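Please read them with the sequence and the coordinates open beside you.

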Amino acid sequence: MANQDPELWEKASDARETLERNLAEDQEVGYVDIGCGQSEADANAPSLRIHVWGEGDEGAFPHDVEGIPVVISRDRDDS
């Protein structure tokens, strides 16, 4: 079950808005959303997910924003 701490999710929402502004001009970024962490240790905490089209350099993206971890998701069109 996801962490129900409203302050933490508000912080994640603010961090998402900051990240979206910072990546607004990046043509390889499709969108940014909020999900739960990717590891068992942080599965109940929010993380920011950057959905990237193409082969963008993962090193170009932050590892966290305002203390909220960032995960890169590769969205590929295999059609």
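1. Val65 stands opposite Ile68 in β4. Strand β3 (residues 64–65) and β4 run antiparallel and are joined by two bridges, where strands are DSSP runs of E of at least two residues, helices are runs of H or I of at least four, and both are numbered from the N terminus. Two strands are said to pair if DSSP finds at least two bridges between them. The hairpin of β3 and β4 has two residues between the strands, and in it Glu66 takes a positive phi near 55°.

2. A word on the basis of these notes: this is a predicted model, in which local features need pLDDT of at least 70 and side-chain atom pairs count only at pLDDT 80 or more, while totals for chains, interfaces and linings use all residues. Residues are numbered from 1 along each chain as its sequence is written, and side-chain values use heavy atoms, with hydrogens and water left out.

3. On its other pairing, β4 is joined to β2 in the parallel sense over six bridges, and Leu48 has Val70 in β4 as its bridge partner.

4. Asp33, in strand β1 (residues 29–36), and His51, in strand β2 (residues 46–53), have side chains joined by a polar contact of 3.2 Å (a pair of N or O atoms within 3.5 Å; within protein, one must be able to donate a hydrogen and the other to accept it, and residues adjacent in sequence count only if both atoms are side-chain atoms). Asp33 counts as buried because its relative accessibility is 19%, and His51 does so at 7%; buried means under 20% relative accessible area, exposed over 50% and partly exposed in between, with a 1.4 Å probe and protein chains only.

5. The largest nonpolar core has 13 residues, of which Leu19, Leu23, Leu48 and Ile50 touch the most other members (such a core is a set of buried Ala, Val, Leu, Ile, Met, Phe, Trp, Tyr and Cys residues joined through side-chain atoms within 4.5 Å). At least two residues of this core come from each of α1, β1, β2 and β4 (68–75).

6. Ala12, in helix α1 (residues 6–22), is buried, since its relative accessible area is 0%. Residues up to four places away in sequence aside, Ala12 touches Ile34, Pro46, Leu48 and Ile68, with contact meaning heavy atoms within 4.5 Å. Between Ala12 and Ser47, which are 35 residues apart in sequence, the C-alpha to C-alpha distance is 7.3 Å.
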